[in-house]
Amino acid sequence: MSDRAEIHHQHRDVTGGWLRPSVFGAMDGLVSNFALIAGVAGGTTNTKVIALGGVAGLAAGALSMAGGEYVSVASQRELAQAEIAVERRELARHPDDEQAELAQTFVDKGVEPGLAAEVSRQISRNPDRALEVHAQNELGVAPGELPSPVVAAVSSFLSFGLGAVLPLLPYLFGASDLVLSAAVSCVALFAAGALVSAVTARSWWFSGLRQLVVGAIAAAVTFGLGNLIGAAGL
């Protein structure tokens, strides 16, 4: 048995393409539909109109978010693939130059020149490994770990719908005013913000309070606008 203690640790996935759209989608769905419902409720007391506005906001927002995420991530992926292809061609055409370039990156990180040259030589013997190392060093991406546009789109669609349905639920179950919807939304905003703290370095109360304040301000502004428009009879 080794005298040295083995050290094992794992990192959470920070490049998989699902976390950002899921978090952003849920937050956006909750805030935007709460604000939309508050705006409509500020202009009318007709609960059917308010509920219709909430349903339309949920459907339109979820589809928009999914489409936007798909195009955005697909474009990012295609750009990365194009640059990886450039690197692959350079490795095939100028292997010695690329090997020297890789060695220099190790030297820049503090490795002795002789050792850096040897490590670069050994890595360069395997074209796939060489491409992976060059791509990570120069582009900050791994060729086999690019985010999926489909995963991003589906994550965004589902999370937006989940967030957007919460302020709508009270009206679907017969609520007659904004109070219950606002209460559900505020609790959900704080809970969602607190939940995000599980994958960040922020405390749960800070993340929860920050999200609550952002959502409450958005809803207050749209409620005020709806009230003004409703009072003006437009």
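This is a predicted model: local features need pLDDT of at least 70, side-chain atom pairs count only at pLDDT 80 or more; totals for chains, interfaces and linings use all residues.
User: Which residues does asparagine 33 touch, not counting residues up to four places away in sequence?

Analyst: Asparagine 33 touches Asp28, Gly54, Gly57, Leu58, Ala164, Pro167 and Leu168. For each of them, contact means heavy atoms within 4.5 Å.

User: What are helices H2 and H3 to each other: roughly parallel or roughly perpendicular?

Analyst: The axes of H2 (residues 47-93) and H3 (residues 95-108) come within 5 Å and cross at roughly 115°. Angles of 65 to 115 degrees count as roughly perpendicular, so H2 is roughly perpendicular to H3.

User: How many aromatic pairs does a search of the whole structure find?

Analyst: The search finds two.

User: Why is the pair of phenylalanine 190 and tryptophan 204 called edge-to-face?

Analyst: The ring centres are 6.0 Å apart, and rings pair if their centres lie within 6.5 Å. The planes stand at 90°, and over 60 degrees counts as edge-to-face, so the pair is edge-to-face.

User: What parts does that pair tie together?

Analyst: Phenylalanine 190 lies in helix H7 (residues 178-196) and tryptophan 204 in helix H8 (residues 204-232), so the pair ties together parts that are 14 residues apart in sequence. Phenylalanine 190 is partly exposed at a relative accessible area of 26%. Tryptophan 204 has 53%, and exposed means over 50%, so tryptophan 204 is exposed.

User: What makes tryptophan 205 and phenylalanine 206 a pair, and of which kind?

Analyst: Their ring centres are 6.2 Å apart and their planes lie at 80°, so this pair is edge-to-face. Tryptophan 205 is partly exposed, with a relative accessible area of 48%, and phenylalanine 206 is partly exposed at 28%.

User: How does the reach of H8 from its first C-alpha to its last stand against the expected value?

Analyst: H8 has 29 residues and reaches 42 Å, close to the 42 Å expected at 1.5 Å a residue.

User: Which residues in H8 are buried?

Analyst: Ser207, Gly208, Gln211, Gly215, Ala219 and Gly226 are buried in H8.

Key: Residues are numbered from 1 along each chain as its sequence is written. Side-chain values use heavy atoms; hydrogens and water are left out. Axes are lines fitted to C-alpha atoms, for helices over the stretch in contact, and angles run from 0 to 180 degrees between N-to-C directions. Helices (H or I, at least four residues) and strands (E, at least two) are DSSP runs, numbered from the N terminus. Angles under 35 degrees count as roughly parallel, over 145 as roughly antiparallel, 65 to 115 as roughly perpendicular and the rest as oblique. Rings of Phe, Tyr and Trp (its six-membered ring) pair if their centres lie within 6.5 Å; planes under 30 degrees apart count as stacked, over 60 as edge-to-face and the rest as tilted. Buried means under 20% relative accessible area, exposed over 50%, partly exposed in between (1.4 Å probe, protein chains only). The expected span of a helix is 1.5 Å times one less than its number of residues.
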